[in-house]
Amino acid sequence: MDKQEVIQQAKRMMDEFLIEAKQYIETSFEKELRIETKSNRNDLVTEVDQYIEALFTRYLKQFFPTHKVFGEENAEHKIESLDGAVWIIDPIDGTLNFVEQKRDFAISVALYLDGIGEFGVVYDVAKDDLYRGEKGRGATLNGQPIQKVSQKRGVENSLLIANLSAVKLYPKLKEAIRVSRGLRLYGAASLEFMVVATGRAGAYLAANLAPWDVAASKIIAEELGCIVSRLSGEKIDMLHKGTSIVALPKVYQELRDSYLRK
Ligand code: IPD
Ligand code: CA
Ligand code: CA
């Protein structure tokens, strides 16, 4: 199969997988969830996170038996290299929102071929909003092309999204927030990327995101003209956790020039 055939097949697989995933999640709203904690009392995993990742693995075995999975919830889904075809999945991004609010969480899935993000999907389940990006071919929301972000809008005319740990790392960000239109935080990294990618905020800055938090949304945001990097300006490598920024081009430049300094 050439790359285009793989991506066409990937779209078919994702469409089927997401229908089944959504049904399962909606049914889960009606029953009591089994919730466990991981690294701390607010780092949660539910049976739904685990089920969705396992469900995705079943689809992958059927559609692409030779591809690898790099996922948040299954210890076997850890990898050491991005060689070949690797799917990076966060089965529920925003688990705390899922548990506490039943909204503002997403399924995030990306396909990387030899380390290059080729295809990414972020699905806001509660809103039934499907963001899809394809390297070099733009991005869509529910099948409709999304407009590229503004080249002209700077910090002063933008809302900013930032977590407190990012502000602690770079205290000058407080000044950026002061001159901006205000601060927001939604609690699901992939959806926060989508808020910026669709031009509803100027930047999202976070101190500690995992590859599965950003793998799909980075592809979509870059297709729409956003800049994505570590807060230091370095490239994000998709094997390790670290800081992240996604921003409109002018906002990115202003933040890097004046505020992302120690
Ligand atoms: C978390 C969310 C949250 C971000 C955390 C992530 P999870 O993902 O994206 O917004 O601040 O760093 O771990 O654990 O809900 O998949
Ligand atoms: Ca996540
Ligand atoms: Ca998760």
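A pocket is an open set of points on a 1 Å grid over the protein atoms alone, with protein on both sides within 12 Å along at least five of seven lines. A molecule sits in one if more than half of its atoms lie within 2 Å of its grid points. Ligand 1 sits in the largest pocket. This is a predicted model: local features need pLDDT of at least 70, side-chain atom pairs count only at pLDDT 80 or more, and totals for chains, interfaces and linings use all residues. Residues are numbered from 1 along each chain as its sequence is written, and side-chain values use heavy atoms, without hydrogens and water.

**The shell**
- Ligand 1 is surrounded by 13 residues (a heavy atom within 4 Å).
- The closest are Asp93, Gly94, Thr95, Gly187 and Ala189.
- By class, five shell residues are charged, four polar and four nonpolar; Gly counts as polar.

**Polar contacts** (N or O atom pairs within 3.5 Å)
- Aspartate 93 places a polar side-chain atom 2.6 Å from an oxygen atom of ligand 1.
- For a polar side-chain atom of aspartate 90, the distance to a ligand 1 oxygen atom is 3.2 Å.
- Alanine 188 has a polar backbone atom 3.2 Å from an oxygen atom of ligand 1.
- The protein covers 74% of the 380 Å² of accessible area that ligand 1 has on its own (Shrake-Rupley method, 1.4 Å probe).

**Where the shell comes from**
- At least two shell residues each come from β4 (85–93), α6 (189–197) and β12 (203–209) (DSSP runs; helices have at least four residues, strands at least two).
- β4 gives the largest share, three residues.
- Ligand 1 lies between domain 1 (3–145) and domain 2 (155–259), because both give residues to its shell; the bounds come from an automatic or database domain assignment.

Conventions: Chains are lettered from A and ligands numbered from 1 in the order in which they are written. A polar contact is a pair of N or O atoms within 3.5 Å; within protein, one must be able to donate a hydrogen and the other to accept it, and residues adjacent in sequence count only if both atoms are side-chain atoms. On a 1 Å grid over the protein atoms alone, a cavity is a set of points where a 1.4 Å probe fits but cannot get out, and a pocket is an open set with protein on both sides within 12 Å along at least five of seven lines; lining residues have an atom within 4 Å of a point.
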